[in-house]
Structure formats: C-alpha cells, structure tokens
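Please have the sequence and the model open side by side. The text below goes through the model site by site.

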Amino acid sequence: MLRICEVNRHWSLDGSRGGNGTHFINHSCSPNAFMQILHDHILFLALRDIKPGEEITIDYQQTLHSDDKRCICGARNCRGTINR
Ligand SMILES: [Zn+2]
C-alpha cells in the first residue's frame with residue numbers, strides 16, 4: 001500500500017519505507033486524529049482522547065489509490081472507500 005505524506009512541493013514521506021512513524025497511522029472514516037503540515041513538519045493531532053494501545057487513525061481523504069479502493073475500517077459511518 002502506498003503511504004505517501006506530502007510535506008511540501010519538494011519532499012514527501014513514504015510510510016512504506018519505515019523509520020518515520022507514519023506507517024503506524026492508518027485510515028478510518030471515523031478517525032481519532034488528523035494530520036496537519038506546519039513549517040515542513042507533519043503533525044498528528046488528536047480529535048479526542050486516545051487510550052493507551054489504541055490505534056491512531058486519520059481520514060486519508062485523498063490518496064494515490066484509485067477512487068474505488070475499498071475501506072473496511074468498520075466505523076458506523078464508513079463510506080466504503082478510502083478516497084473521499
Ligand atoms: Zn471506512
């Protein structure tokens with residue numbers, strides 16, 4: 001799976017390469033966090049309290065995958081696709 005986080009117009013982080021922590025963040029249609037780019041750094045900010053051991057999730061919204069890439073996150077409001 002491609003897990004690319006664009007930091008700026010020159011740099012992107014590839015979560016599939018490991019070592020940068022983004023490979024621990026998965027998609028959910030009902031995420032507990034969101035991603036923000038600030039001064040060429042990727043920040044993951046909580047949308048609610050996250051319990052120890054709970055998976056950190058964000059809504060990828062738009063990926064390099066085709067628009068019909070299925071989502072099986074299990075959220076009640078799952079839209080069925082990863083891309084919005
Ligand atoms: Zn979903």
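**The cysteines and the zinc site**

A search for disulfides, meaning pairs of cysteine sulfur atoms within 2.5 Å, covers the whole structure and finds 0. This is a predicted model, in which local features need pLDDT of at least 70 and side-chain atom pairs count only at pLDDT 80 or more, while totals for chains, interfaces and linings use all residues. Residues are numbered from 1 along each chain as its sequence is written, and side-chain values use heavy atoms, with hydrogens and water left out.

Which residues coordinate the zinc ion? The SG atoms of Cys29, Cys71, Cys73 and Cys78 do, at 2.3 to 2.4 Å. Donors here are N, O and S atoms within 2.8 Å of the metal (3.2 Å for Na, K and Ca); water is not among the atoms, so sites may look incomplete. The angles among the 4 donor atoms are 105 to 113 degrees, and the site is tetrahedral. For four donors, that label requires all angles to lie between 85 and 135 degrees. Along the sequence, the spacing of the donor residues is C-x41-C-x1-C-x4-C.

Cys71 is buried because its relative accessible area is 8%. Cys73 has 28% and is therefore partly exposed. Cys78 is also at 28% relative accessibility, so it counts as partly exposed.

His27 lies in strand β3, residues 26–27. Strands (E, at least two residues) and helices (H or I, at least four) are DSSP runs, numbered from the N terminus. Is His27 buried or exposed? With 11% relative accessibility, His27 counts as buried. Its side chain reaches the backbone nitrogen of Tyr60 at 3.1 Å. Leaving out residues up to four places away in sequence, His27 touches (heavy atoms within 4.5 Å) the zinc donors Cys71 and Cys73.

**The loop between β4 and β5**

His39 is in the loop between β4 (33–38) and β5 (41–46), and Asp40 is in that loop too. Most residues other than glycine have a negative phi. His39, not a glycine, has a positive phi of about 50 degrees, and the phi of Asp40 is also positive, near 65 degrees. His39 is exposed because its relative accessible area is 69%, whereas Asp40, at 49%, is partly exposed.

**Distances and confidence**

Asp49, in the loop between β5 and β6, is exposed, with a relative accessible area of 71%. Asp49 and Arg70 are 21 residues apart along the chain, and their C-alpha atoms are separated by 27 Å. Asp68 is in the segment after β6 and is exposed at 58%. From Asp68 to Leu13 the separation is 55 residues in sequence and 24 Å in space, C-alpha to C-alpha.

The predictor's confidence in each residue is its pLDDT, from 0 to 100. The protein has a mean pLDDT of 85, with 92% of its residues at 70 or more. Where pLDDT is low, the predicted coordinates should not be read in detail.

Key
Buried < 20%, exposed > 50% of the residue type's maximum accessible area, 1.4 Å probe, protein only. Tetrahedral: all angles 85-135°; square planar, octahedral: opposite > 155°, others 65-115°. Polar contact = N/O pair within 3.5 Å; in protein donor to acceptor, adjacent residues only side chain to side chain.
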